[in-house]
Amino acid sequence: MKAETSEKARHIVLRADVGEVLPEALTRALREHRVVGGWLRGNGVLTEIDLRAYGAEIGGHGAGRRIAGPAQ
């Protein structure tokens, strides 16, 4: 197993504006800050949520699930 340690850590705090589509806004911000890997943690209220999990056994995204109306 290969392990690497770092003496530096970078934290980027992002805030989406009302009406922004999260995947596109998040991807754009991460590219602007040249983020190539890391952890994502978030909180807030989302609306019109479409969830799909990636399944390695099927080689792509599985069936979607839609959650309507605000969810925290």
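E20 is partly exposed, because its relative accessible area is 33% (buried means under 20%, exposed over 50% and partly exposed in between, with a 1.4 Å probe and protein chains only). R28 is likewise partly exposed, at 43% relative accessible area. The side chains of E20 and R28 form a salt bridge with an N to O distance of 3.4 Å, a salt bridge being a side-chain nitrogen of Lys or Arg within 4 Å of a carboxyl oxygen of Asp or Glu. Side chains of opposite charge can pair when their charged atoms come close.

The model is predicted, with local features requiring pLDDT of at least 70 and side-chain atom pairs counted only at pLDDT 80 or more, while totals for chains, interfaces and linings use all residues. Residues are numbered from 1 along each chain as its sequence is written, and side-chain values use heavy atoms, with hydrogens and water left out.

Two salt bridges are present in the structure. In one of them, D50 pairs with R66, and the closest N and O atoms are 2.8 Å apart. This pair connects distant parts of the chain, as D50 is in strand β1 and R66 in strand β4, 16 residues apart. Strands (E, at least two residues) and helices (H or I, at least four) are DSSP runs numbered from the N terminus. Both D50 and R66 are exposed.

Two or more lining residues are given by each of α1, β1 (49-51) and β4 (65-67); the largest share, eight residues, is that of α1. By class, the lining consists of 22 nonpolar, nine polar and eleven charged residues (Ala, Val, Leu, Ile, Met, Phe, Trp, Tyr, Cys and Pro count as nonpolar, Asp, Glu, Lys and Arg as charged, and the others, Gly among them, as polar).

I12, L14 and L30 make a nonpolar surface patch of about 200 Å². Such a patch joins nonpolar side chains (Val, Leu, Ile, Met, Phe, Trp, Tyr) within 5 Å, from residues with over 30% relative accessible area and no salt bridge; areas come from the Shrake-Rupley method with a 1.4 Å probe. L14 lies in the segment before α1 (22-32) and is partly exposed, at 39% relative accessibility. H11 is also placed in the segment before α1 and is exposed, at 70%.

The loop between α1 and β1 contains R34, N43 and E48. R34 is not a glycine but has a positive phi of about 55°, and its relative accessible area of 73% makes it exposed. E48 also has a positive phi, near 50°, and is exposed at 59%. Most residues other than glycine have a negative phi. N43 is exposed, at 78% relative accessibility; its C-alpha atom is separated by 7.3 Å from that of Q72, 29 residues away along the chain.

Terms used
Patch = residues over 30% accessible without salt bridge, like charges linked within 9 Å, V, L, I, M, F, W, Y side chains within 5 Å.
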